Amino acid sequence: MTSTQLTGAESPLDALPERWRSLRDAGPVTYDEDRRQWHVVDHQGVSAVLVDPATYSSDMTPIAPTQEDFEAFRQGNFVGMDPPEHRKLRTLVSQAFTPRVVHGLAPRIEAVCARLLDGVADRDRFDLVDTLAYPLPIIVIAELLGIPAEDHRLFQEWAATLFGGDQLGDSLDMADLERALEAIAPTVREMNGYMLDHIRHRRAHPGDDLISRLLTAEVDGTRLADQEMVGFVALLLVAGHITTTALLGNAMVTFDRHPGTLAALRENPDRLPDAIEEVLRWLPPFPELGRRTTRPVVLGGHDIPADTLLMVHLGAANRDPSRFTSPDAFDMARCPNPHLTFGHGIHFCFGAPLARLEARIALRALMERFPTIEVSSYDDVTYQNPAVIVGVRHLPIAVTRP
């Protein structure tokens, strides 16, 4: 099914394709004088940057503002690391997120979905984010880590502060980042303290959970120190749910605004995995990634000095007409679909299989339980700041039952 026609009221998400198109029209690599950063927007260029960490580093410390609480968090945050440090932490987490482990979570994900939807059994209207899209992945990842799932409201507050983007404009620069770091530092401090207490408790009282296993795991004969574990576990907790939350909300908005999509999926549920991949291409939760040049480079015909900030635009690359046929059409049958939403190279999202599994189970559960699902009113939908994360904060939906 292919569709370019949207229904429903306009939303901030509608402006994104035009922004991405404007970036591509300016050229595959351009310089932003105001923000003193380069933009890489074509699929080939973005892929080349992401696959070359020796030249395009994920470690922003030489050029980014610093803040004491974030420095403590950064010690275990392997998303902001390069080899060889990145390999040690990535190896540990990869052992914990093998295909077998992820597949084994399916029954638990189904049970959590059923319990959460049972909670609105007497209602024909509810907020999809509050009811399902947020609590499902946070409960799953918290249980996997061995962190009390009943604290999920606290984790939600942390994620809202870290990814809300309320301190930022519609595009990031270093001044924005410095203001944001200061504003959210108390939250990072609270999160660091919570994680450190839990890690120390697990070290003294190990259990059958991921944190306990990580505390004893070794790579090249070394184990993680407690402070390394803080950023590591916090990253797993926050990153382990926010993408699925955004994906579920984006899927429901996209299906609702493309008439006939849900009907087609009900008729043939086996198409759901392909539909999810197209949603990921269509609305990538994290549309931009930052990289730092480690040496002078020539990119797209431009001379770029060392220690320069590059913003690679996944959203723009995902709609590159040189890589995708009819890129501005939502096509559930798109094949191949080489979107870059989960990244590329050594930093490819380790949680991608879990996010895909959670989305498949949750969307199938919704379709099986409710013969009709529609967004109640787009006037009541609230959105994230798309400069930070593309998604909805609240999504009221109306449903019917058999």
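Asp 307 sits in the loop between strand E8 (302-304) and E9; helices (H or I, at least four residues) and strands (E, at least two) are DSSP runs, numbered from the N terminus. Although Asp 307 is not a glycine, its phi is positive, at about 55°. Most residues other than glycine have a negative phi, and most peptide bonds are trans. Asp 307 is partly exposed, with a relative accessible area of 41%; here buried means under 20% relative accessible area, exposed over 50%, and partly exposed in between (1.4 Å probe, protein chains only). The model is a predicted one, in which local features need pLDDT of at least 70 and side-chain atom pairs count only at pLDDT 80 or more, while totals for chains, interfaces and linings use all residues. Residues are numbered from 1 along each chain as its sequence is written, and side-chain values use heavy atoms, with hydrogens and water left out.

Ser 326, a residue other than glycine, also has a positive phi, near 45°. Ser 326 belongs to the loop between helix H15 (314-317) and E10, and at 45% relative accessibility it counts as partly exposed. Two cis peptide bonds can be described as well. One joins Pro 83 and Pro 84, with omega about 5°, and Pro 84 lies in the loop between helix H3 (68-74) and helix H4 (85-96). Another joins Cys 335 and Pro 336, with omega about 0°; Pro 336 is in the loop between strand E10 (330-331) and helix H16 (352-369).

Next comes the sheet. Five strands form an open sheet in the order E2-E3-E9-E6-E4, with mixed pairing; two strands pair if DSSP finds at least two bridges between them. E2 and strand E4 (56-57) are the edge strands, each pairing on one side only. Strand E2 (residues 29-32) runs antiparallel to E3, and four bridges join them. These two strands form a hairpin with four residues between them, and Arg 36 in the turn has a positive phi of about 55°. Asp 32 stands opposite Gln 37 in E3. On strand E3 (residues 37-40), Gln 37 and His 39 point one way and Trp 38 and Val 40 the other, and all are buried. In a regular strand the side chains alternate between the two faces of the sheet. E3 pairs with strand E9 (residues 309-313) in the parallel sense over three bridges, and Leu 310 in E9 is the bridge partner of Trp 38.

E9 is also joined to E6 by five bridges, this time antiparallel. Here Leu 310 in E9 stands opposite Arg 291, a residue of strand E6 (residues 288-293). Arg 291 is buried yet has no salt bridge, and the nearest side chain of opposite charge, Asp 82, is 6.6 Å away. A salt bridge is a side-chain nitrogen of Lys or Arg within 4 Å of a carboxyl oxygen of Asp or Glu; Lys and Arg count as positive and Asp and Glu as negative, whereas His and the chain ends are not counted.

Finally, the largest nonpolar core has 113 residues, and those with the most contacts inside it are Phe 97, Met 195, Phe 232 and Leu 395. Such a core is a set of buried Ala, Val, Leu, Ile, Met, Phe, Trp, Tyr and Cys residues joined through side-chain atoms within 4.5 Å; contact means heavy atoms within 4.5 Å. Helix H12 (residues 226-257) supplies the largest share of this core, 17 residues.
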